[in-house]
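Dear colleague,

I am passing on the structure that we talked about, together with some notes on what was found in it. Please have it open beside you as you read.

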Amino acid sequence: MNTPLSERFGKPILNRFGKKIYLDQMTRKELEERVKECDIVILPVGSVECHGPFAPLGEDTIIGVSIAERVAYETGVTVAPPIFYGSHPSHHYGLPGTIPVRATTLIEYVSDVIRWLSNAGFKKIIVLNSHGQEYVLPIAKDVAIIEKGVHALILVTSWWSWVQDLLRKAGTGEEIAPGVKLETPFIHADEVETSVTWYVAPELVDVETLKKEGRWGVVRIIPAKYVNAAGNVFPDKPFNWYDVSHAPELFYYPKGFVGWPEKASPEKGKVIVETCVKRMVEFIEWLKKTYPPGKIPRTWIEIEDYFYNKPKEWVEPIEVTK
Ligand SMILES: [Zn+2]
């Protein structure tokens with residue numbers, strides 16, 4: 001008998017209640033049962049992108065799916081198949097293994113997926129980004145609502161947004177957990193990101209090459225005090241990283257990584273991922289309690305609303321301050 005080549009696709013992956021995590025593994029019957037029980041879905045959106053000679057090209061997607069799977073394991077929410085190809089700013093273009101799609105393509109693609117996840121019964125749709133395209137995805141939310149008539153609560157977030165306090169400590173000498181420090185700021189395919197990958201997918205990191213070749217540096221055209229690095233963890237900087245032109249990676253980072261990933265370790269990754277998972281689980285438990293299956297706040301406007309027609313039913317906002 002053949003054993004499945006890929007456990008992720010060939011073998012049921014179950015949550016702590018013994019039920020399936022992934023939408024693609026469910027039958028229609030299981031889907032219909034799931035949305036009655038819990039209509040929250042996480043849609044991971046990552047990339048296929050060069051992350052240096054020591055890390056997998058799918059790093060971003062692998063990180064996002066791993067975090068989504070852990071959160072789903074704890075909470076019983078569903079994980080949709082990830083969007084594997086992402087959109088990229090201009091300075092990423094050209095490196096072998098980086099496969100960008102245009103931002104407009106991603107917006108159309110993600111908003112279509114949102115539309116039909118909503119049709120399948122998922123009324124809370126969490127778009128979990130894990131690649132430097134956080135400036136693109138909120139547009140997909142609005143395209144879904146305005147142009148595709150989606151009646152759902154759509155939430156766009158990135159994994160690093162859940163651990164900004166930890167990432168702000170990088171390079172300050174402050175510990176993120178007893179005995180664990182991040183030495184350099186989070187950028188891309190660097191100490192932080194490689195640590196996270198090493199923790200979630202240890203077999204996909206080539207540690208020997210990492211230790212030998214994982215040292216480069218950072219190239220700037222504008223001083224760091226003006227421009228946020230990845231994660232936008234410093235709200236007092238006037239530019240986010242995606243607001244300005246950067247030196248092309250192809251010329252200035254020809255190996256496809258930034259900074260000093262040689263400083264990565266799975267212990268650092270563990271603190272970041274476990275903190276992120278814990279905080280996301282806490283949020284989802286709140287979401288489940290506040291908006292039970294089928295119940296959502298009204299987030300859309302229909303044509304007849306413009307004519308002051310009869311309102312439909314909806315849950316009121318939880319807080320109205322006057
Ligand atoms: Zn990445």
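Is Ala189 buried or exposed? Ala189 is buried, since 28 other C-beta atoms lie within 10 Å; here a residue is called buried if 20 or more other C-beta atoms lie within 10 Å of its own, exposed if 12 or fewer, and partly exposed in between, with C-beta atoms placed from the backbone.

Before going on, please keep in mind that this is a predicted model, in which local features need pLDDT of at least 70 and side-chain atom pairs count only at pLDDT 80 or more, while totals for chains, interfaces and linings use all residues. Residues are numbered from 1 along each chain as its sequence is written.

Overall picture

The protein chain has ten helices and six strands, where helices (H or I, at least four residues) and strands (E, at least two) are DSSP runs, numbered from the N terminus. Its C-alpha atoms fill a box of roughly 65 × 55 × 40 Å along the principal axes. Of the 322 residues, 41% are buried. Among contacts between residues at least 6 apart in sequence, 75% join residues at least 24 apart, a contact being two residues whose C-beta atoms, placed from the backbone, lie within 7 Å.

An open sheet of four strands has the order 2-1-3-4, with parallel pairing; two strands pair if DSSP finds at least two bridges between them. The edge strands are strand 2 and strand 4 (153-158), each of which pairs on one side only.

Strand 1 (residues 40-45) is joined to strand 3 (residues 124-129) by six bridges, with Ile42 partnered by Ile126 and Leu43 standing opposite Val127. On the pairing with strand 2 (residues 78-79), strand 1 has two bridges, and there Val41 stands opposite Thr78. Strand 3 and strand 4 are likewise joined by six bridges, with Lys124 opposite Leu153 and Leu128 partnered by Thr157.

Two right-handed β-α-β units are found here: one is made by strand 1, helix 3 (residues 59-75) and strand 2, and another by strand 3, helix 5 and strand 4. A crossover is right-handed if, with the strands pointing away from the viewer, the path from the first strand over the helix to the second runs clockwise.

What is enclosed

Six of the six residues of strand 1 are buried, so strand 1 is largely enclosed by the rest of the structure. In a regular strand the side chains alternate between the two faces of the sheet. In strand 1, Ile40, Ile42 and Pro44 point one way, while Val41, Leu43 and Val45 point the other way. Strand 3 is also mostly covered, with six of its six residues buried; Lys124, Ile126 and Leu128 point one way from strand 3, and Ile125, Val127 and Asn129 the other way.

The largest nonpolar core holds 75 residues, of which Ile42, Leu43, Ile125 and Val127 touch the most other members (a nonpolar core is a set of buried Ala, Val, Leu, Ile, Met, Phe, Trp, Tyr and Cys residues joined through C-beta atoms within 7 Å). Leaving aside residues up to four places away in sequence, Ile125 touches Val41, Leu43, Ile114, Leu117, Ser118, Ala152 and Ile154.

In helix 5 (residues 137-146), the buried residues are Leu137, Ala140, Lys141 and Ala144. These residues cover an arc of only 105° around the axis, which puts them on the same side of helix 5, the arc being that of the directions from the helix axis to the C-beta atoms. Their cover includes strand 1, helix 4 (103-119), strand 3 and strand 4.

Single residues to look at

Ala189 has a positive phi of about 50° although it is not a glycine, and Ala189 lies in the loop between strand 6 (180-181) and helix 7 (191-200). Asn232 also has a positive phi, near 45°; Asn232 is placed in the loop between helix 8 (207-213) and helix 9 (249-252), and counts as buried with 22 C-beta neighbours inside 10 Å. Arg279, in helix 10 (residues 266-290), counts as partly exposed with 14 C-beta neighbours inside 10 Å.

With best wishes
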